[in-house]
Amino acid sequence: MEKNERFKFVEGHILANKEAFYKTAYSYVKNKENALDILHDSIYKALKSVDTLQNKEYVKTWFYRILVNTAIDFLRKNKKLTVMEDEILEFHAEAVEDHYTDLDLEKALDLLPPPYRTIIVLKYFEDLTLTEIAHTLDENLSTIKTRLYSALKKLRVEMEMKEEHYE
Amino acid sequence: MNRMDQLKSEYKNIEIPEELDFIVDKAIKEVKTELEGESKAKGEKELEKEAGNEIGRKRKMKLRKKLLAAAAIAVIFIGSINASSTVANAMEKIPVVGELVKVLTFREFTFNEDTFNANIKVPVIDGLENIDLQNTINQKYYEENKALYEEFMKDIEKLKEAGGGHLGVDSGYIIKTDNDQILSIGRYVVNTVGSSSTTMQYDTIDKKNEILVTLPSLFINESYQERISENIKEQMLKEMSNDSDKVYWVKEGDIEPFVSIKLNQDFYINDIGQLVISFDKYVVAPGYMGVVEFVIPTEVIEDLLVSSEYIR
């Protein structure tokens, strides 16, 4: 592939999937400004490095990898900020409850460490296959499977604890 | 997985903000502009040959259109400045040590309309006896700021069409070093749209000999490129291991790890005569790291320097 052709191809892929990418970014940071910031950084990064895309077939996982890494970088930098936002969220919890049909699961998902959360988001929300996820995260398939099961297990544990707490 | 399905529908219903298209277009445009800049540096002529006559002609047409647009914009640019009350501050003097050679704010332009804000300061160098050099630099500053203004107005129109939003541009200059010998000026442009991007460009002038100092001119051959790059990589790794909040793209497995500085990488010389290498936001690190700088210890490059006149 010529560089120009590759650039056009990646640009097309981004334009066709921008809403899905925005949602993925949003699922990490839970606010519009930061999600846009992450998306902007990811697109910039991807287009600057179209050379690293070896094969057109991999564009999906290749871009998700950039997006996920950018989001995790962002979270790592803004750890303290996230904690504060949770507190604010809790403060307003009752008002928000109407909008979230399943607040407990939503919160449990937020409490998962980013690598586990990524797997859940990509598998259940973005419908990637486990093989694609393995490729995105540059891990082997069995590692992804193990993490998926422990993520699901962890989600269930978090939810049980929540229920006990409320009762 | 019934509950997971519920969560999935929550996810699918995440509201798409109206700025999304604009942000996406902006990111794409930023990369395109940079790539264009790089290929321009390769030499327009060479490219025309490569691409054949057809594209060459198109390019010329484009250039003609650009020139026409530039002429039209120049009128607006000057017009707006003169209509603005901030002109009162124009020619405001910035204190400098070397009295003969100095940097002044030639023009300051502010634009405020609801959610659109621009603040552009155009610097001008004054007092060099080498008038050609002085004119070349000042012309460059003027042209660049004019282009910036033009771009900003275009973006506003696009954004208005798209239903509004926030847009800001802030441009100005910082005097990094001003001593008996060296004048290093950094010019910054900060674009703000939800996210912000910052670019920084430096000019270093030898005030005694009245010449513009370029990075290649400091060294005996091009091996400085590798030497400095290696040192920067070491510094990046060290900083990251000392502070987990710092992230540079330098490790294997990063999407586009830092490999090397450019031969004409942005740089300046600090007040104690050390070489400082600068990278724009997003180039070697995630956005939150901003513009990053590395001071290169003189002993690392000592044997490659043409002289110890500037760098000590």
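1. In chain A of this predicted model, helix α1(A) passes helix α2(A) in a right-handed crossing, a crossing being right-handed if the near helix is turned clockwise from the far one by less than a right angle, and left-handed if anticlockwise. Helices here are DSSP runs of H or I with at least four residues, strands are runs of E with at least two, and both are numbered from the N terminus. Residues are numbered from 1 along each chain as its sequence is written, and chains are lettered from A in the order in which they are written. Local features need pLDDT of at least 70, and side-chain atom pairs count only at pLDDT 80 or more, whereas totals for chains, interfaces and linings use all residues.

2. Helix α1 (residues 3-29) and helix α2 (residues 32-48) of chain A pack at an angle of about 150 degrees, with their axes 9 Å apart; the axes are lines fitted to C-alpha atoms over the stretch in contact, and angles run from 0 to 180 degrees between N-to-C directions. The two helices α1(A) and α2(A) are therefore roughly antiparallel to each other, a description used for angles over 145 degrees. Among the residues that make the contact are A:Phe7, A:Ile14 and A:Tyr22 of α1(A), together with A:Ile38 and A:Leu47 of α2(A), where contact means that the C-beta atoms, placed from the backbone, lie within 7 Å.

3. Between the chains, 29 residues of chain B are in contact with 38 residues of chain A. On the side of chain B that touches chain A, the elements giving two or more residues are α1 (2-12) and α2 (20-42) of chain B.

4. In chain B, 11 bridges join strand β1 (residues 102-113) to strand β2 (residues 116-126), and these strands run antiparallel; strands pair if DSSP finds at least two bridges between them. The strands β1(B) and β2(B) form a hairpin with 2 residues between them, and B:Asp114 in the turn has a positive phi of about 50 degrees.

5. Where is A:Asp127 placed? A:Asp127 lies in the loop between α7 (114-125) and α8 (130-137) of chain A, and its phi is near 55 degrees, a positive value in a residue other than glycine. A:Asp127 is exposed, with 10 other C-beta atoms within 10 Å, since a residue counts as exposed with 12 or fewer such atoms, as buried with 20 or more, and as partly exposed in between.

6. B:Tyr282 also has a positive phi, of about 80 degrees, although it is not a glycine. B:Tyr282 counts as buried, with 24 C-beta neighbours inside 10 Å.

Technical notes. Contact = placed C-beta atoms within 7 Å. Parallel < 35°, antiparallel > 145°, perpendicular 65-115°, else oblique.
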